[in-house]
Amino acid sequence: MFFHPKDLKLSGKKIVITAGPTREKIDPVRYITNHSSGKMGYAIAAEAARTGAKVVLISGPVSITAPVGVELIQVESAEDMYQAVMKEYSDANIVIKTAAVADYRPKNSYDHKVKKQDGDESMELERTTDILMELGKNKKKQILIGFAAETDHVAEYAQKKLLKKNADMIVANNVKTAGAGFGTDTNIVTLFKRDGSVIELPLLSKNEVAVKILNVASQLLGNEMK
Ligand code: CTP
Ligand code: CA
């Protein structure tokens, strides 16, 4: 059974949502990024605001506007996002990590445009911080929800991420499925919960998916507080 956002008893709670891609600078004209319109995270923020909760939306560069009633913190790189999330974490009740964080950044970045040269076939990269994993390591009472955008073995990879990152739920989708890809207004997701239960949702609007996720988050919060 699913409730309308305003009936979720989340008023007075703090919900932190990350959304959009991150941008890892190479030089002033080039960067590394991921596909992400930000629509899923912004839909969660909009529905979360309707619950009466305090909503903090930490967003990478996107072309959509933040919902009314939401505190927007704009960031660019994975490192910026990590710092912003950690600042909001200690008193957060629910954290939903929708962002498509870049996994790698250039080892060196430059403030001038780097010129192409014969023989420079490759670029050195290094891993960014896995924000969700850090949140999982430092989890106290927070409910932690991650996403997994996959192209194959969706359930297997989602379950692995759930455990590895110490999350309470992973929202997984197959980005190759029509209606569940990037930039669409719809999504087809499966919710993998820590207790082993799996909730397969049909094709829904991103706002409807957001309401389902908030319902489960609210249940998890209630169960934790008992
Ligand atoms: N995530 C994160 N910080 C990163 C990478 C990912 O917080 N540096 C979070 C995402 O926001 C998402 C979850 O981890 O909630 C899963 O992201 P995903 O890219 O699917 O998984 P990865 O662990 O990065 O593994 P891979 O990309 O190899 O599938
Ligand atoms: Ca990744």
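1. Strand 9 gives four residues to the shell around ligand 1, the most of any element. The model is a predicted one. Helix 3 (131-137) and strand 9 are the elements that give two or more residues to that shell. The shell holds 15 residues, and those that come nearest to ligand 1 are Lys 97, Val 101, Ile 131, Leu 132 and Gly 146. By type, the shell divides into eight nonpolar, three polar and four charged residues.

2. On confidence, the chain averages a pLDDT of 95, and 98% of the residues score at least 70. For the complex, the predictor gives an ipTM of 0.99 and a pTM of 0.96.

3. In soluble globular proteins, nonpolar side chains tend to be buried together. Which residues does Ile 17 contact, leaving aside its neighbours within four places in sequence? They are Gly 41, Ile 44, Ala 45, Ala 48, Val 55, Leu 57, Ile 96 and Thr 98.

4. An unreviewed UniProt entry places the feature "binding site" at Asp 103, Lys 113, Phe 147, Lys 161 and Lys 165. These positions span 63 residues in sequence, and the farthest two C-alpha atoms are 37.5 Å apart, so they do not all gather at one spot.

5. Two of the lysines in that UniProt record, Lys 113 and Lys 165, can be set side by side. Lys 113 lies in the loop between strand 7 (104-106) and strand 8 (125-127). Is Lys 113 buried or exposed? Lys 113 counts as exposed, because it has 10 C-beta neighbours inside 10 Å and the cut-off for exposed is 12 or fewer. Leaving aside neighbours within four places in sequence, Lys 113 is in contact with Asp 27, Pro 28 and Val 29.

6. Lys 165 is found in the loop between helix 4 and strand 10 (169-174). Lys 165 is buried, because 21 other C-beta atoms lie within 10 Å and 20 or more is the cut-off for buried. With neighbours within four places in sequence left aside, the contacts of Lys 165 are Leu 132, Met 133, Gly 136 and Gly 146. Leu 132 and Gly 146 are also among the residues that come nearest to ligand 1.

7. The backbone deserves a check at two residues. Most residues other than glycine have a negative phi. Lys 9, however, has a positive phi, near 60 degrees. Lys 9 lies in the segment before strand 1 (14-19) and is partly exposed, with 14 other C-beta atoms within 10 Å. The phi of His 153 is also positive, near 45 degrees. His 153 lies in the loop between strand 9 (143-150) and helix 4 (154-164), and is exposed, with 11 other C-beta atoms within 10 Å.

8. Last, Thr 186 lies in strand 11 (residues 186-187). Thr 186 counts as partly exposed, with 16 C-beta neighbours inside 10 Å. Leaving aside neighbours within four places in sequence, Thr 186 is in contact with Gly 179, Leu 203, Leu 204, Ser 205 and Lys 206. Ala 158 is 28 residues from Thr 186 along the chain, and their C-alpha atoms are separated by 20 Å.

Conventions:
Residues numbered from 1 in each chain as written. Chains lettered and ligands numbered in written order. Predicted model: local features only at pLDDT ≥ 70, side-chain atom pairs only at ≥ 80, totals over all residues. Near = placed C-beta within 6 Å. Nonpolar A, V, L, I, M, F, W, Y, C, P; charged D, E, K, R; others polar. pLDDT = per-residue confidence, 0-100. Contact = placed C-beta atoms within 7 Å. UniProt positions renumbered as here; feature names shortened; annotations may be inferred.
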